[in-house]
Amino acid sequence: MANTSTLVKPDRGSILNDPKARSLFYQVVLAAVVIAVFYGAYSNTSRHMADAHIPTGFSFWNAVAGFDINQTLIPYTQLSTYGRAFWVGLVNTLLVAVLGIVLTTIIGFTVGVARLSPNWIVAKVAMVYVEVIRNIPLLLQLLFWYNAVLKPLPAPKQSIQIPGGIFLNNRGIIVPDPQFGAGSGWVGLALLFGIVASFGFYGWASVRQKKTGQQAPVLLVAAALIIGLPLLVFFLLGSPITFEAPVLKGFNFRGGRQIFPELAALLLGLSVYTASFIAEIVRAGIQSVGRGQSEAAHALGLNARQTLRLVVIPQAMRVIIPPLTSQYLNLTKNSSLAVFIGYPDLVAVFAGTVLNQTGAAVQVMAITMAVYLVISLVTSFAMNLFNKRNALVER
Amino acid sequence: MLKFAAGLLGLAFCAGATFAQAGTLDTVKGRGQLICGANTALAGFGIPDSSGNWTGLDVDFCRAVAAAVLGDPTKVKFIPLNAKDRFTALQSGEVDVLSRNSTWTSSRDNQAMLFGPVNFYDGQGFMVRKKQNVSSAKELDGASICVQQGTTTELNLADYFRTNKMKYDSVAFQDEDTVLKAYESGRCDALTTDSSGLYAERLRLTAPDDHMVLPEIISKEPLSPAVRQGDDQWFNIVRWTHYAMLTGEELGVTSKNVDDMMKSENPDIRRLLGVEGDQGKGFGLGNDWAYNIIKKVGNYGEVFDRNVGEGSPLKVKRGINALWNKGGLQYAPPIR
């Protein structure tokens, strides 16, 4: 191969016929057109906004918001700024996205594995789940969870009482509020130590298993370390963490932590819907692992659970992760449907109320879109790292 | 949302066509149709029935503008807008006039809009269930309250509970229907909106008699039609449409007797109906502009009565919406 190129030295000819130059030229032209269009849109918009006396700039960011939000994970009152309202909305969006991703992964993997179950009923139930849920628009499902499932709950005075001081009514779930007294820091420390020690023990156990083939009761030890140790410290210090029970006073419960029905509905709707897609991805991933792999595992004496966990899933993950990432992104973006059921997410609070009160439509929409873009890119980036770690390593 | 995005795009690329350069009047005449931003569904103010016919005080105001400009009150296209998107729709030129029970405030006048004369003086109130035994808004401490997002109502609510040192949970939805449904299903203890809206919403509940409106009015809500800034001629047409309707009522000119009134000797009536003088020409309209409004839509009293007053299910009293010489605030500058 190397010889031919030295033998025939092609005539370079005109630069017009050089494919590299031509492609460079077209790319420069395309880039210039794109920039010109964006610049035109930008200058046109700002000129017309100024002409029409529509607020430009971001001075509204530090103005007092004046409205209230019911679910605020960071301190916020009506005297806070619009900027603060933005963060409240963003945190609420992230909360739903993170909880939703965890929940949908659990449901999706369970259903996906169940679809391949040798048990006929389990497999058919999983199939019906997938076929029904993924073929109904998400917005309808959200409205269903909110109106048909959560709203018929009783009024606060007739709350359903769940053992442990938990109340369920149409205002949500009210759980006792933990009060951290002196010494509760030690309990937290014990928990942290338990988690770290469990990982250490797991590492030691797997090294030993590779060397000697002996298995250690990892799960039992980890449970003792993570649950038992903090509990021991908790009782030794004389129960420093107390729970303030919610009490019905006037219209609603006072005290306690409240999980609003809007959050519950949004979380259920998003997770259940996205899980139907994840289930199919998981099924495809598992089926992509050749039958020979499981047969070989069985021949080696692994039982069905071990085969799935140690042989099939690790190989299936390579197929699963890339499409799984787009489902996570979908879930995050779909969380903006929150506005239809009154959950105060970024779109409802910032692109809704703030936009309306300030009139700064272009700025607010631009910020909101940029935020979703950043969230999606960060999620993609994290999943790509995870994918690299799991990808097939060619030797 | 799609409408909203289209509005933004319009703002970016073709906004020039709708602002300042070409007057709204010429645009409307050229199109042969007025585009009016209306409520999605508020009985008495703007609501379509099952066959798509719109009724309401605000809707009739748009018909009056169409009658004045085009001579035909049916040449209106109503665009239903929720509270959140309404001002963007106006600013971006999607609608010619916004007549959608919107409160006139200074900050809104600072956002590229001009609010015309107040066509309904309103105030914010609360609706609760009778069985809760609440007789005053002061007893709502700790309540969950359903409210529409992006309204002055949402802000007044926050102010009211803060000044009275009470707590509440605000449950905000983007359109009025959802607010009402959430309240009806028990998600909230109280619903808050303008008091006229409360009476209208109460009638839409399955058992209106189980609910009551609390006596407190916690805010001033002057509801006005709004236009874009920078088109003085159009602003004039919109505000004098309302004044013509008021003057009609004041002078006793109704849709029934307007043809007889053309023969009236009263100089005020002659000027209003264009028998004398060139009032309409000054606005860029025909001299029969006010005649068309009153003949084809009615005077303010007639429109009020059939949409929200005694002639409607709402039965709202004229109160402060009566004419100035009958103890109310509705006052038209002279047409001359």
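Biologist: Are B:C146 and B:C188 buried or exposed?

Modeller: Both B:C146 and B:C188 are buried. Keep in mind that this is a predicted model.

Biologist: What is the distance between the sulfur atoms of B:C146 and B:C188?

Modeller: Their sulfur atoms are 1.9 Å apart, and the two cysteines form a disulfide. B:C146 sits in strand β9 (residues 143-148) of chain B, while B:C188 is in the loop between α8 (176-184) and β11 (190-194) of chain B. The link covers 42 residues of sequence, joining distant parts of the chain.

Biologist: How many disulfides are there over all chains?

Modeller: The search of the whole structure gives 2.

Biologist: What handedness does the link of B:C36 and B:C62 have?

Modeller: It is right-handed, with 70 degrees about the S-S bond. The link of B:C146 and B:C188 is right-handed too, with 70 degrees about its S-S bond.

Biologist: And what pattern do the disulfides of chain B follow?

Modeller: 1-2, 3-4, counting bonded cysteines along the chain.

Biologist: Back to strand β9 of chain B. What does B:S144 touch?

Modeller: B:S144 lies in that strand. Leaving out residues up to four places away in sequence, B:S144 touches A:R171 and A:N252 from chain A, plus B:D169, B:R187, B:C188, B:D189 and B:A190. With a relative accessible area of 1%, B:S144 is buried.

Biologist: Changing topic: which residues touch the most other members in the largest nonpolar core?

Modeller: B:L34, B:W234 and B:W289, out of 58 residues. The most is given by α4(B), with 10 residues. Beyond its neighbours within four places in sequence, B:L34 has contacts that include B:C62, B:V65, B:A66, B:L70 and B:W234.

Biologist: Last one. What does UniProt list for residues 33-261 of chain B?

Modeller: An unreviewed UniProt entry lists that range as "domain: Solute-binding protein family 3/N-terminal". Over residues 33-261 the chain is 34% helix and 28% strand, with the end C-alpha atoms 29 Å apart.

Methods:
Residues numbered from 1 in each chain as written. Chains lettered and ligands numbered in written order. Predicted model: local features only at pLDDT ≥ 70, side-chain atom pairs only at ≥ 80, totals over all residues. Heavy atoms only, no water. Disulfide = S-S within 2.5 Å. Helix = DSSP H or I, 4+ residues; strand = E, 2+ residues; numbered from the N terminus. Buried < 20%, exposed > 50% of the residue type's maximum accessible area, 1.4 Å probe, protein only. UniProt positions renumbered as here; feature names shortened; annotations may be inferred. Contact = heavy atoms within 4.5 Å. Core = buried A, V, L, I, M, F, W, Y, C linked by side-chain atoms within 4.5 Å.
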